[in-house]
Amino acid sequence: MEFKANIMDEKAMQRAITRIAHEIIERNKGVEGIVLVGIKTRGIPFAKKIAEKIRSIEDVNVNMGILDITLYRDDLTQVDENPVLNSTDIPFDITNKVVVLVDDVLYTGRTVRAAMDAIMDMGRPKSIQLAVLIDRGHRELPIRADFVGKNVPTSREEIVRVQFNEIDGSNGVSINQ
């Protein structure tokens with residue numbers, strides 16, 4: 001994988017997180033009934049950062065959960081014959097809540113479709129919204145994000161690499177080929 005360009009540094013990521021947190025609050029007229037659900041793997045630290053920013057703005061702790069979509073993938077047999085199941089941890093009822101799914105990159109839309117299927121199996125939310133750090137286009141399903149950190153047009157051959165301190169040791173977004 002060859003480095004092509006940096007598209008977000010740590011400060012740009014912080015600005016995007018702040019903007020997304022404000023947009024979530026504004027769109028929902030506050031944080032009453034909102035829950036954040038981070039999609040494994042890099043949706044989790046992103047969701048935590050949004051929750052922390054909402055807490056600093058509204059002085060309210062928003063419930064946050066972790067979603068593993070492994071069994072909901074439509075390419076499961078192509079990925080691995082024996083998939084490794086990580087744990088979903090959503091320790092609250094999502095019924096009649098506004099569920100904000102959080103992921104690092106929106107590409108084909110298939111991950112989000114799998115996440116919505118998993119959420120619907122857990123209850124009946126009032127609505128589902130989507131927050132992503134990067135929207136790179138190339139949708140295969142009619143899915144769009146409600147909250148976007150940055151739109152980055154890419155070719156299908158390019159790889160968007162999002163890094164979070166908690167997982168990768170640094171914060172930033174780059175394009176690789």
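In this predicted model, aspartate 135 counts as buried, with a relative accessibility of 11%. Its salt-bridge partner is arginine 139, and the closest N and O atoms of the two lie 2.8 Å apart. Arginine 139 itself is partly exposed, at a relative accessible area of 26%.

Through shared partners, salt bridges join Arg110, Glu140 and Arg156 into one network.

The structure holds eight salt bridges. One of them links the side chains of lysine 49 and glutamate 166, at 3.1 Å from N to O. Because lysine 49 lies in helix α2 (residues 43–58) and glutamate 166 in helix α5 (residues 165–168), the pair ties together parts that are 117 residues apart in sequence. Lysine 49 counts as buried, at 14% relative accessibility.

Turning to the chain as a whole, five helices and eight strands make up its secondary structure, in the order β-α-β-α-β-α-β-α-β-β-β-α-β. The radius of gyration is 16 Å, which agrees with the value near 16 Å for a compact globule of 177 residues. Buried residues account for 47% of the chain. Of the contacts between residues at least 6 apart in sequence, 70% join residues at least 24 apart.

Note on methods. Residues numbered from 1 in each chain as written. Predicted model: local features only at pLDDT ≥ 70, side-chain atom pairs only at ≥ 80, totals over all residues. Heavy atoms only, no water. Helix = DSSP H or I, 4+ residues; strand = E, 2+ residues; numbered from the N terminus. Rg over C-alpha atoms; globule rule 2.2 N^0.38 Å. Buried < 20%, exposed > 50% of the residue type's maximum accessible area, 1.4 Å probe, protein only. Contact = heavy atoms within 4.5 Å. Salt bridge = Lys/Arg side-chain N within 4 Å of Asp/Glu carboxyl O.
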